[in-house]
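Here is a protein chain to get to know, one contact at a time. Have a look at it first, then read on.

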Amino acid sequence: MSTKLRVRFCAALALAVVLLALLSPWLTPYDPNAQDMAAALQPPSAEHWLGTDSHGRDVLSRVIAGARTSVFSALILVAVSAVSGSVVGIACGWFGGWLDTVLLRLGDLFLAFPGMVLALAVAGLLGGGMGNAILAIALVSWPKYARLARSQTLTVRGAPYLTAARMAGNGPVRLMARHILPNIAGPLLVTASLDIGTMLMELAGLSFLNLGAQPPTAEWGSMMSKGRSLIQTAPWTILGPGVAIFLTVLIFNLLGDSLRDHLDPRRRARKKEQTT
C-alpha cells in the first residue's frame, strides 16, 4: 500500500473515532448516567452488550459517551501544547538573543523533571477535573514543540523567500505566520498526530488516579479506575474502556506513522530501495 493510501485509510479511521465522539449523545443505547441497582454487574447479554457496572449503568453506553470526553480532551491538549510550543519555538528561532535563552532555559526546566511525575504534582495542586488535567499535562508538553519549531525555524531563517518577504515590508508577526509556519508545519503536524494517543493515555492515567474526570462523567480512565476492584468478578467493566483506549491510541499512532512516511522523502526513498 502506498503512503498516500495509508494516510487516507488511517485518516478515515481517525475521522470515524472523532465522529463517534461527536455523535456519542445520539448513539448511546441507554442513558450513560442512569443507575439501576437491580441490574448491577450483569454480564454481557443481548440487552447489555458489554454488561453493566456496579451501579447498573450500561457499559457500552458509557464507553460511547466516554469517547466524547477522552478523545476531545486529548485533541484539545495536543492543540494547546502544539500551538503554544510552536509560537515559542518560532519566536526563539527568529529573534534569538535573550528571548531565545530565557524561553529555552524555561523549557529545559520543565524537561528536567519526568513529565508524568510533574503533571501528577501539578494536577494534585490544582485539584481534580479534566480542565486541570489538560493544563497540568500541557505545562510539561510544550517544550518539545518549542525545540522542534525552533530548529526548523533556524533552518529556513536565511531562505531567499524570507529575505524577499522582509524586503517587501512584512513585519515579524506576518513573516512568522505566513512564511515560516507553513514551511515548518510538516514535522509539527506529525509530532502532534503521534502525540494524540500519548496524551489520551496520560489523561486516562490522571483520571485513573482520580485527578482527571470526576464522577459521574463517563471517561475511559475513570471507568477503568472504578472497575479495577471488579477485575476478577466482573472483568467486562474494565474490558470495554480498556479496549477503547487501545484501539484509539493504535489508530492515531498509525496515522502519525503514515504521515511521517508520507512527508519525509528520505524515508520513502529508503523504503523504496529496500523493496527493490
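Predicted model: local features only at pLDDT ≥ 70, side-chain atom pairs only at ≥ 80, totals over all residues.

Residues are numbered from 1 along each chain as its sequence is written, and side-chain values use heavy atoms, with hydrogens and water left out.

Let's start with the salt bridges (a side-chain nitrogen of Lys or Arg within 4 Å of a carboxyl oxygen of Asp or Glu).

| Salt bridge | Closest N and O atoms |
|---|---|
| Asp-261 and Arg-6 | 3.1 Å |
| Asp-100 and Arg-150 | 2.8 Å |
| Arg-260 and Asp-257 | 2.9 Å |

Helices here are DSSP runs (H or I, at least four residues), numbered from the N terminus. Asp-261 is buried at 4% relative accessible area, whereas Arg-6 is partly exposed at 23%. For those words, buried means under 20%, exposed over 50%, and partly exposed in between, using a 1.4 Å probe and protein chains only.

Asp-100 pairs with Arg-150 in another salt bridge. Asp-100 sits in helix H4 and Arg-150 in helix H6, so the contact ties together parts 50 residues apart in sequence. Arg-260 and Asp-257, on the other hand, both belong to H10 and are three residues apart, about one turn of the helix.

A search of the whole structure finds one aromatic pair (ring centres within 6.5 Å, using the six-membered ring of Trp; planes under 30 degrees apart are stacked, over 60 edge-to-face, the rest tilted). Phe-110 and Trp-142 have ring centres 6.0 Å apart and planes at 70°, so they are edge-to-face. Phe-110 is in H4 and Trp-142 is in H6, 32 residues apart. Trp-142 is buried, at 11% relative accessible area.

Finally, which helix contains Trp-26? Trp-26 is found in helix H2, and with 68% relative accessibility it counts as exposed.

Notes: Helix = DSSP H or I, 4+ residues; strand = E, 2+ residues; numbered from the N terminus.
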